[in-house]
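Subject: Structure handover

Hi,

Here is the structure I promised you. Please open it alongside this email, and then read my notes below.

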Amino acid sequence: MGRGRLTAVTDAGPLIHLTEIGCFHILSIFGNLHVPEAVWAETVECGRTSGEDLLKLAKVERHNIPQRDITRFVVNNNLKDLHSGECECLYLCTQTGVPILLTDDLAVREAAKRLKLLPVGSLGIVAKAYRTGKISMADAQRHILNLYEVSSLFVTRVIVEM
């Protein structure tokens with residue numbers, strides 16, 4: 001994931017899970033975040049993440065993607081089992097050339113890899129925040145443990161210990 005401030009498209013999962021454990025601010029390691037409208041609706045409009053906090057983190061660009069484009073993309077890439085926000089994220093990555101997709105969903109991660117994208121989950125975001133000096137090792141360990149114990153993210157104890 002390089003050393004500079006990154007650009008990523010974000011799905012709802014990392015926004016929600018990092019909010020749940022009180023470390024939403026570490027998303028500031030990304031200089032630019034692209035957010036499809038379906039993800040904005042699922043997170044901000046449902047009160048699961050603060051739109052104001054999100055806009056303070058980085059340059060946030062919201063995208064309203066025509067449904068016909070999403071439908072064509074879903075059919076062409078056999079993504080019919082994914083939710084609308086997930087499909088919009090994958091579409092947005094491919095259309096904008098942004099190679100990083102923030103997602104915690106296993107099916108989306110697999111689809112992203114098929115599309116030659118780099119999926120990064122909440123655990124990876126915490127690790128990157130540590131590697132870039134945004135947070136200390138103690139904070140990173142605490143956040144990873146909280147993702148396991150506090151957040152709604154499904155992660156196994158084995159992964160946490162690694």
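The lining of the second largest pocket has six charged residues, four polar ones and two nonpolar ones. Keep in mind that this is a predicted model. The volume of this pocket is about 190 Å³.

**Helix α1**

Take α1 next. The helix covers residues 12-20, and seven of its nine residues are buried, so the rest of the structure largely encloses it. The buried ones are Ala12, Gly13, Pro14, Leu15, Ile16, His17 and Leu18. What do they pack against? Among the helices, their partners are α2 (37-43), α3 (51-57), α7 (122-131) and α8 (137-149). Two strands, β1 (6-10) and β4 (100-102), are partners too. Just after α1 comes Gly22, with a positive phi of about 75°.

**The nonpolar core**

Now look inside. In soluble globular proteins, nonpolar side chains tend to be buried together. The largest nonpolar core here has 53 residues. Which members touch the most other members? They are Leu27, Phe30, Leu54, Leu90, Leu102 and Ile125. Helix α5 (residues 84-96) gives the most to this core, with six residues.

Phe30 is worth a click. Set aside its neighbours within four places in sequence. Phe30 is then in contact with Arg5, Leu6, Ala8, Leu57, Ala58, Leu102 and Ile125. Two of these contacts, Leu102 and Ile125, are also on the list of core members that touch the most others.

**The cysteines**

How many disulfides are there? The count comes to zero. Cys46 is in no disulfide, and the nearest cysteine sulfur, that of Cys89, is 15 Å away. For Cys89, the nearest cysteine sulfur is that of Cys93, at 6.9 Å. A disulfide needs the two sulfur atoms within 2.5 Å, so Cys89 is in none either.

Are these cysteines buried or exposed? Cys46 has 55% relative accessibility, so it counts as exposed. Cys89 is buried, with a relative accessible area of 0%.

Stay with Cys89 for a moment. Its place is in helix α5. Not counting residues up to four places away in sequence, Cys89 touches Val9, Thr10, Asp11, Pro36, Val39 and Leu101. Cys89 and Val150 are 61 residues apart in sequence. In space, C-alpha to C-alpha, they are 26 Å apart.

**Two backbone points**

Most residues other than glycine have a negative phi, and most peptide bonds are trans. Check two residues against that. Asn78 is not a glycine, yet its phi is positive, at about 50°. Where is Asn78? Look in the loop between α4 (67-76) and α5. Asn78 is exposed, with a relative accessible area of 55%.

Lys116 is the other one. Its phi is also positive, at about 65°, although Lys116 is not a glycine. Lys116 lies in the loop between α6 (106-114) and β5 (118-120). With a relative accessible area of 73%, Lys116 is exposed.

Best wishes

Notes:
Residues numbered from 1 in each chain as written. Predicted model: local features only at pLDDT ≥ 70, side-chain atom pairs only at ≥ 80, totals over all residues. Heavy atoms only, no water. Buried < 20%, exposed > 50% of the residue type's maximum accessible area, 1.4 Å probe, protein only. Helix = DSSP H or I, 4+ residues; strand = E, 2+ residues; numbered from the N terminus. Contact = heavy atoms within 4.5 Å. 1 Å grid on protein atoms, 1.4 Å probe; cavity = no way out; pocket = protein on both sides within 12 Å on 5 of 7 lines; lining within 4 Å. Points joined across faces, edges and corners; volume = space filled by probe spheres on them. Nonpolar A, V, L, I, M, F, W, Y, C, P; charged D, E, K, R; others polar. Core = buried A, V, L, I, M, F, W, Y, C linked by side-chain atoms within 4.5 Å.
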